[in-house]
Amino acid sequence: MNEILVILIRGAGVGSLYALIAMSLNLAYNATGVLNFAQGHLLVTAGVCTYLWMPDGAGTASPMWYLTLVAVLVATAVVGMIQGLITLIPMRRDGGSHSWVATTIAGSIVLGALITLWIGPQVVNVPNYFGFVPLPDGRVPGVYPMLVVLALVVWAGLRWYQSSFLSGLALNALSQDVDAARAAGVPALKFQMLAFGLAAAITAGAGFIGSSAIEISGSRGTNYVIFGFIVAVIGGIGNNKGALIAGPLFGVLMMYVSFELGGGLQVVTALAVIVAVLLLRPQGIFGRPHARRV
Amino acid sequence: MSTKHSTRPRLIRRELRRDLVAGTMLIAAATLVPTFMGNLFWQQAMLLAAVYVIAAVGLDVLRSQAEQMSFGQGAVLGVAAYVAALANGVWEKPLIVAAGLGLAAGMVTGMLMALPSLRVQSYYLGFVTLAGALALPDLIIKFKDQTQALTGVNVFLDGINEPLVGSLNWLTIGVTLLAVLAIFGGAVLRSSGFGRAMLLAGESPEAAVTVGLRPGQLRLQAFALSSFAASVAGVCYVGVIQYVGSGSFTLALSVMLYFVVIVGGPGKVLGPILGVVLLYIVPDHLLAGLLDYRLLIYGTLVLVVMLVMPEGIAGGLDRLLRKLSKRSDDRSRTLISLAPILAAAPRAEVSESDEARTPLLVVDDVRRSFGSVKALDGASMTVERGTVHAIVGPNGSGKTTLLNAISGLISVDSGTVELEGRDITSTSASARARLGLGRTFQQPRVLDSLSVWENIDCGRRSAHQIEWFEEAIAAYAAEWDTMNSGVLPHGQRRFVEVLRALHAGPSLVALDEPAAGLSHGERLEFGQLLRDVAKTTTVTVLIVEHDLDLVWNIADTITVVDGGRVIASGTPAELRNSTTIAHLFVGVDHVAG
Amino acid sequence: MTIFTRSKRGAAFVTGLVLLGTTAACGGGSGSGGGSGPIKVGVPLGITGPAAGTADWDRMGVELSVKQINADGGIDGRKVKAVFVDTELDPAKAVTATNRLINEEKVDLVVGPMTSDETLATLPALSRANIPSINGAGSKLDPKVAPYSFGMLLNAEYQGQKMVDYAVSEYGAKKVAVISYSGTQGKVGREAIEKQLKVKGVEESAGQEYDIPVTDLSSQVLALKKGNPDVVLAFPQTGNDTGLLVQAMRDANLDVPVVGSYATTYAGQAKAVAGPDAYKNFVSVSWPAFSACSTSDVRTEATDFIAEVKKTYGEKRTTGAAFDNIASFRDALWLLKAGIEGSKSTDAKKVTSWLAKNETAAAKKQPLVHNAYALSDDSRFLMDPDSLTLVNAGTEVVPGIIQRIDGC
């Protein structure tokens with residue numbers, strides 16, 4: 001019973017971290033058609049900023065904690081927008097529609113290298129700010145439930161923004177037809193950069209809140225984007241609700257597999273399950289079938 | 001047939017030859033110059049680069065030829081390499097047997113990853129293949145007793161490393177030849193009808209089935225080719241590195257290969273070579289001395305290259321060369337004209353045989369719902385042989401759905417479709433096309449990366465082709481083959497698609513709003529073509545059209561559809577006075593009589 | 001050549017290519033050859049990639065030894081020059097990187113690579129090139145695969161045995177749980193542990209593994225807890241996963257002693273993850289050189305070395321560093337120096353056979369930081385297996401020197 005609780009809470013927490021990355025990927029994808037391979041490095045960037053800027057001993061009761069949060073969000077969003085701009089410029093030129101694969105991978109390499117030059121090659125650590133959830137036998141760090149809450153808040157916030165504001169709506173549909181949007185006078189590039197910035201800010205929120213649950217090092221960003229991508233795929237690319245559900249499910253599945261079968265095959269088994277499910281539901285477990293093409 | 005005089009297929013298209021020569025020289029110089037200079041380091045580095053080129057050419061077939069996303073190429077290479085190494089180093093099989101086993105294992109892995117492509121596409125397929133690449137190192141470790149994962153496998157291949165002249169050995173000769181063969185193979189595939197079919201099936205599976213292609217099968221064939229290249233690369237890898245371990249084939253290798261294809265220039269002969277230069281030789285060798293700033297400089301370099309050449313290095317260099325040589329960049333405004341083809345049409349009408357009098361197509365009480373919407377609600381119609389048959393109706397009346405049900409792009413909930421008296425209700429779209437059902441789309445499915453002629457000549461062709469038509473277009477094949485379809489205006493793209501459908505030799509060709517976007521002159525030409533086709537052959541034309549002028553002028557029979565049902569059917573003359581449909585066409589009373 | 005010279009352009013192109021190839025072929029080092037000029041040491045390390053942190057320590061160690069040896073008059077009167085290359089911890093890259101060191105830089109010696117995988121991948125080329133080397137492999141080395149190479153680190157198999165022996169003798173363990181990372185070292189250590197458990201007749205109540213990188217070990221620890229172990233034996237990769245293990249055990253209320261492998265002594269990392277009290281009820285296997293029973297038996301070689309590293313590289317870069325690890329890479333070059341000077345040659349065969357015979361004696365003459373070098377004929381590990389000691393990595397006797405708990 002206790003074990004199940006731990007697996008559920010921790011699994012859902014780690015999964016929510018992936019869900020937040022997936023939602024960031026979706027946000028940029030819906031506005032630009034780009035799956036940002038550097039998203040994981042933005043998560044680490046936020047972790048690095050948190051590590052460097054958070055005053056020693058500052059907790060959730062201290063105003064400095066909130067100031068740091070804002071600083072981390074803004075800084076990461078700016079990095080994300082710059083990286084977005086670098087990604088978008090070649091795409092607007094003839095024959096450059098697939099250049100994003102290369103520019104985002106290259107972006108992640110540059111970010112990773114900069115992080116290593118900045119903090120050195122060692123992994124740095126940030127304390128858990130959220131105390132512990134007591135269980136009958138043991139406890140769970142509060143960061144895990146906080147990540148679940150954050151994922152819910154971000155999902156609801158995005159939903160509200162995208163249904164109540166024209167700019168939100170535009171973000172969600174821009175990639176469908178950028179040319180038409182441009183013709184209709186929508187400043188497409190600005191919106192797309194906004195999407196990258198917002199996506200980076202969401203990832204930064206995850207990196208800040210979850211800073212004690214992630215490994216902060218220049219060489220780890222790729223792992224996070226891969227798991228974010230996996231969750232986005234299970235949920236259906238572009239579908240935030242799917243990501244919100246798929247993330248925790250994936251997290252719990254991974255935890256459960258390693259508990260029952262051992263950690264060595266954790267990833268393999270979890271992936272096998274998902275591939276099997278995907279073959280039954282080719283558009284992602286929560287994805288909608290393709291619109292009619294003819 | 002006598003129609004082939006100027007369309008003799010070339011093994012390798014002319015525009016690829018320059019790049020092939022350059023590519024061959026690059027590969028040969030890269031591996032042989034260090035070899036003859038006795039520089040063992042560059043010899044090995046270039047051989048490994050050649051191995052990556054082989055795998056990347058295969059991946060480019062998947063990526064650019066079949067439009068399949070695979071992050072698993074490194075895993076296929078890895079399995080082939082690992083098995084070959086085990087076979088030679090541990091099971092002590094002779095080299096040839098080990099290579100064969102490696103190839104076989106790589107192919108099996110590749111095909112296992114390919115099977116999901118029958119079900120899932122785009123990013124979802126990307127994920128499935130990525131899962132394979134992610135799992136491979138774990139699996140090698142899990143089965144450590146079989147794979148010797150704890151030590152890895154050292155292979156000692158003194159035979160093929162025995163120097164023949166200087167430091168030239170069989171390994172160098174073999175890998176160099178295979179890399180050259182790989183780029184030639186890629187070019188041959190790109191020049192072939194098979195390659196074009198693959199491309200059409202990848203970019204527009206629905207268009208591919210209407211010319212009788214089987215997209216699933218083509219995808220598997222693409223995966224097979226790609227996996228073969230990766231497996232060959234894997235076997236060569238063992239020769240070059242002489243060691244495999246659990247850490248040798250991580251996801252990073254698969255991502256690197258994908259990266260090579262995109263940065264090098266997808267779909268270009270030189271793409272894989274230039275990609276490997278920028279993404280392997282530069283960071284791993286040229287920048288090797290930099291240590292701390294290596295990755296930063298390398299990443300920035302790739303970003304700059306992509307900013308300057310968004311289409312990839314090979315594409316960017318092409319553009320640059322064109323600019324330098326001040327050649328007009330293919331954007332000539334030559335248009336396709338149907339007039340000369342029409343002029344070739346025999347004026348005499350074909351005599352009607354008995355067979356010609358039986359109806360060609362019978363649609364009986366067909367129903368299809370999408371959710372709660374009844375798109376087809378018991379539609380029935382009969383299409384006679386050798387006629388032009390038009391389907392008209394207001395927007396959303398179910399015209400296109402009816403056409404889709406006929407060509408098999410959607411299944412029906414109930415009712416039957418018969419072609420030449422044969423029930424084809426449960427026949428696949430591709431098989432229907434092979435029975436002679438051709439089709440075009442509202443949005444023309446024309447592939448920008450192919451020439452106009454390649455677009456026309458990229459499907460399966462049936463036995464009964466329209467002879468005068470084949471002769472007429474054959475005369476233009478060479479000219480059209482130099483035209484870039486990417487710059488064709490919209491109306492012209494429709495022509496291309498119609499020509500493609502006719503070229504397949506159909507017994508019925510279904511056209512979905514073919515006149516939309518055509519100029520007045522083009523419409524006249526186009527209407528004439530359809531009439532001529534129907535009158536001079538036994539080909540039947542089924543057309544969904546908004547332009548009632550056109551319909552009234554060319555159709556033998558008109559079927560009026562509304563609310564998913566057929567509400568009237570008859571000759572233009574019969575329908576002109578029908579009151580039941582008059583309200584549907586308010587404002588078109590100027591229709592000519 | 002006729003096809004090449006058919007046209008002027010073609011000829012120009014080929015000339016260009018040949019020139020390019022020539023530049024490439026001639027670029028890089030001119031090579032030291034034998035006898036004159038500096039002695040070149042090739043150092044293949046995973047400077048980027050998953051082990052970048054450890055590689056940075058190793059790099060400091062080699063850099064430091066080069067500086068010291070040159071200040072000391074070099075090797076056999078010749079200056080020493082280190083050439084670092086990045087392997088990204090990938091065996092294939094290690095092979096090409098080593099090949100570059102051999103054929104391009106023409107190095108005389110090699111220190112590295114860091115892992116067993118990379119070492120086993122590169123050994124054939126090093127042997128063929130007749131280059132003596134000292135590597136960072138902690139398992140699977142013997143004179144057959146490594147005729148001219150030695151492993152400087154603690155052998156994973158001996159560590160495993162020692163861990164089991166201690167669990168039985170000190171805690172009287174009847175049931176133990178084993179947790180290890182899924183890399184080669186972890187696997188080898190685990191196999192040794194399981195073998196020794198059988199010898200001692202102790203039950204393995206649960207076994208768990210995890211892939212690197214890892215951020216949470218709680219499901220593994222929950223699985224260990226199910227078996228109700230008396231002791232947990234841990235074979236992690238670094239201090240990071242050691243810290244995660246401690247955290248997870250704490251959160252799961254699994255309050256039993258832990259006996260850990262050498263990597264668990266990376267206290268800086270582990271404490272950064274699990275807090276200052278990470279080593280409560282925790283014993284690790286370690287080198288003798290950097291541990292002490294009390295301030296009275298602290299080795300000045302070790303403390304001087306720590307001070308020198310800190311002075312050279314600054315507080316920031318050395319925070320949380322495992323000084324004993326840095327010292328092994330530092331000592332490696334000093335040992336090779338002894339071998340070359342002793343055998344009067346850089347020939348791999350001569351250097352290794354001299355070292356195999358005289359290492360213990362040489363170790364006494366050289367200013368080495370570690371103190372437990374001992375080679376036997378059938379071993380390719382520099383360290384004496386009997387010198388392995390048990391420490392409480394969480395407690396420092398003096399800064400950088402941890403508390404020894406056996407043999408005091």
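Predicted model: local features only at pLDDT ≥ 70, side-chain atom pairs only at ≥ 80, totals over all residues.
α5 of chain B runs over residues 122-142, which makes 21 residues. From first C-alpha to last it reaches 30 Å, close to the 30 Å you'd expect at 1.5 Å a residue. Is it mostly covered or mostly uncovered? Mostly covered: 16 of the 21 residues in α5(B) are buried.

The contact takes 35 residues from chain B and 37 residues from chain A. On the chain B side, α5, α12 (251-264) and α14 (294-308) each supply at least two residues. Which of the elements gives the largest share? That's α5(B) again, with 11 residues.

Okay, let's zoom out to chain B as a whole. You can count 24 helices and 12 strands in it. If you box up its C-alpha atoms along the principal axes, you get roughly 90 × 55 × 45 Å. Chain B has 593 residues, and 57% of them count as buried. Now take the contacts in chain B between residues at least 6 apart in sequence: 77% of those join residues at least 24 apart.

Next, the inside. As background, in soluble globular proteins, nonpolar side chains tend to be buried together. In our model, the largest nonpolar core has 450 residues, and the ones with the most contacts inside it are B:V51, B:V53 and B:I54. The element that gives the most to this core is helix α2 of chain B, residues 40-65, with 18 residues.

Let's pick B:I54 and ask what it is in contact with, leaving aside neighbours within four places in sequence. The list is B:L178, B:A179, B:A182, B:A229, B:V232, B:A233 and B:C236.

Why does B:A50 count as buried? Because it has 27 C-beta neighbours inside 10 Å, and the cut-off for buried is 20 or more. Not counting residues up to four places away in sequence, B:A50 touches B:I27, B:T31, B:V175, B:T176 and B:A179. And if you want a distance, B:A50 and B:A28 are 22 residues apart in sequence, and their C-alpha atoms are 9.7 Å apart in space.

Now set that beside a residue in chain A. A:A58 is in the loop between α2 (39-53) and α3 (63-91) of chain A. It has 17 C-beta neighbours inside 10 Å, so A:A58 counts as partly exposed. Its contacts, leaving aside neighbours within four places in sequence, are A:M64 and A:W65. For a sense of distance, A:V252 is 194 residues along the chain from A:A58, and their C-alpha atoms are separated by 31 Å.

On to strands, and we'll stay in chain A for a moment. β1 (residues 132-135) and β2 (residues 138-141) run antiparallel, joined by 4 bridges. A hairpin of 2 residues links β1(A) to β2(A), and A:P134 stands opposite A:R139 in β2(A).

Chain B has a hairpin too. There, β3 (residues 359-370) and β4 (residues 373-384) pair in the antiparallel sense over 9 bridges. One facing pair is B:V363 and B:M381, the latter in β4(B). The turn has 2 residues between the strands, and B:G371 takes a positive phi near 60°.

Last stop, chain C. How many strands form its open sheet? There are 8, in the order β7-β6-β8-β9-β10-β12-β13-β11, and the pairing is mixed. The edge strands are β7 (203-210) and β11 (291-292), each pairing on one side only. For a parallel example, look at β6 (residues 175-181) and β8 (residues 231-235) of chain C, which pair over 5 bridges. There, C:I179 stands opposite C:A234 in β8(C).

Chain C is also divided into domains: domain 1 is 31-154 + 298-385, and domain 2 is 156-286. The contact between them takes 14 residues from domain 1 and 16 residues from domain 2. Their C-alpha centres lie 29 Å apart.

Technical notes
Residues numbered from 1 in each chain as written. Chains lettered and ligands numbered in written order. Core = buried A, V, L, I, M, F, W, Y, C linked by C-beta atoms within 7 Å. Buried ≥ 20, exposed ≤ 12 C-beta atoms within 10 Å, placed from the backbone. Contact = placed C-beta atoms within 7 Å. Pairing = 2+ DSSP bridges. Expected span 1.5 Å × (residues − 1). Domains from an automatic or database assignment.
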